[in-house]
Amino acid sequence: MGPPQAIRVLFLDIDGVICCNSSGVLEEDKLANLQTITQATGAKVVLSTNWRHYPDLKMELLGTLSDWGIECIGVTPICGAEDERVRPLEIGAWLTAWQDAAFESRRPRVEQYIAIDDRALHDEAGGQALLGHFVQTDVLFGLTEEATRRATSLLSATCPGPLTVPTASRSPPHRRNTAQPLGPGQRGVNRVPYGTAPSTGALSTKMATLLANCSIDQDTINTAHAATTMRLTGQPLRPARNEGSGSRASLLTTSLVADAPPRATGAFPKLQRPNGSISREDIRRCGAIASPPGHRPGAVFSSAH
């Protein structure tokens, strides 16, 4: 006895192919076109549609196809979440499993296949392997007579070599470095190479500039600048010589570290680095604290040595 005759397979989507309505009704004119393809080519159907996920819909579909004399020999496996665009890979997985099993049994090998779908399978994972094996339908019109003729032509063609089967790429995607220096006079945020970060001084200066652009008074800017440096470096801060312990800056930074013990002399306490980074609330409180009597604006902080 000779080897079994090879078969042709049609991977079938339903929505946008056989069903182009919101009621989920399988349309007779499109079923008739599908029947024309299978009768002209002897193709067997494999379901690639999402209907295969739902037992009731799948049983209804199989019954309808049987009534039209269309033989269904299987469904594609699930290779990802329902909303993932991996249908070509599911088609490839079914073809690979079928062809491998044909070596161990007298099951007929697949000599030709096509997929009919309203989705742009060429753009999905593994979709480039479907070149010459795919007919895309319009979601509004489904399997038209023109699409039927094209599908019949592709299925009737003889493959010049081994079937091309969709597979997942083994090469990781290349991550392009987007670092590009900004030219003179350009505005925006510099994109720097991966693995680098702005310095502490640059971050602190940037924050002071942003506060100045928001029309915040100089005393508040000095306070925020000092608090930012303290949080980033962990260095304790003390008032400058021209600053007293009752200033707005002193009140703010003292409130940031509630557990800092005051000195016996009543001078500004040596601050420890707080957890976290300066917050919008810190800046808000800075602007809300009233200046005490005798406060001289423009005082600055200096780092402790």
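The face of α4 turned away from its buried side carries E145, E146 and R149, which are exposed (over 50% relative accessible area, where buried means under 20% and partly exposed in between, with a 1.4 Å probe and protein chains only). The model is a predicted one, in which local features need pLDDT of at least 70 and side-chain atom pairs count only at pLDDT 80 or more, while totals for chains, interfaces and linings use all residues. Residues are numbered from 1 along each chain as its sequence is written, and side-chain values use heavy atoms, with hydrogens and water left out.

Helices (H or I, at least four residues) and strands (E, at least two) are DSSP runs numbered from the N terminus. The expected span of a helix is 1.5 Å times one less than its number of residues.

| Helix | Residues | Number of residues | End-to-end C-alpha distance | Expected span |
|---|---|---|---|---|
| α4 | 145-156 | twelve | 16 Å | 16 Å |

In α4, the buried set consists of A147, T148, A151, T152, L154 and L155. Viewed down the axis of α4, these buried residues fall within an arc of 165°, so they line one face of the helix; the arc is that of the directions from the helix axis to the C-beta atoms. They pack against β1 (7-12), α1, β4 and β5 (134-136), contact being heavy atoms within 4.5 Å.

In α2, the buried residues are L61, T64 and L65. Down the axis of α2 they fall within an arc of 100°, so they too line one face of the helix. Their cover includes α1 (28-41) and β2 (44-47). P55, D56, M59, S66 and D67 are exposed on the other side of α2. Just after this helix, G69 adopts a positive phi of about 75°.

**The second largest pocket**

A pocket is an open set of points on a 1 Å grid over the protein atoms alone, where a 1.4 Å probe fits, with protein on both sides within 12 Å along at least five of seven lines; lining residues have an atom within 4 Å of a point. The second largest pocket holds about 190 Å³ of space, a volume being the space filled by probe spheres set on the points. Its lining has 13 residues, of which Q99, R109, V110, P162 and L163 lie nearest the centre. The elements giving two or more residues to this lining are α3 (87-104) and β4 (110-117), and α3 gives the most, with five residues. By class, the lining divides into seven nonpolar, three polar and three charged residues.

Terms used. Nonpolar A, V, L, I, M, F, W, Y, C, P; charged D, E, K, R; others polar.
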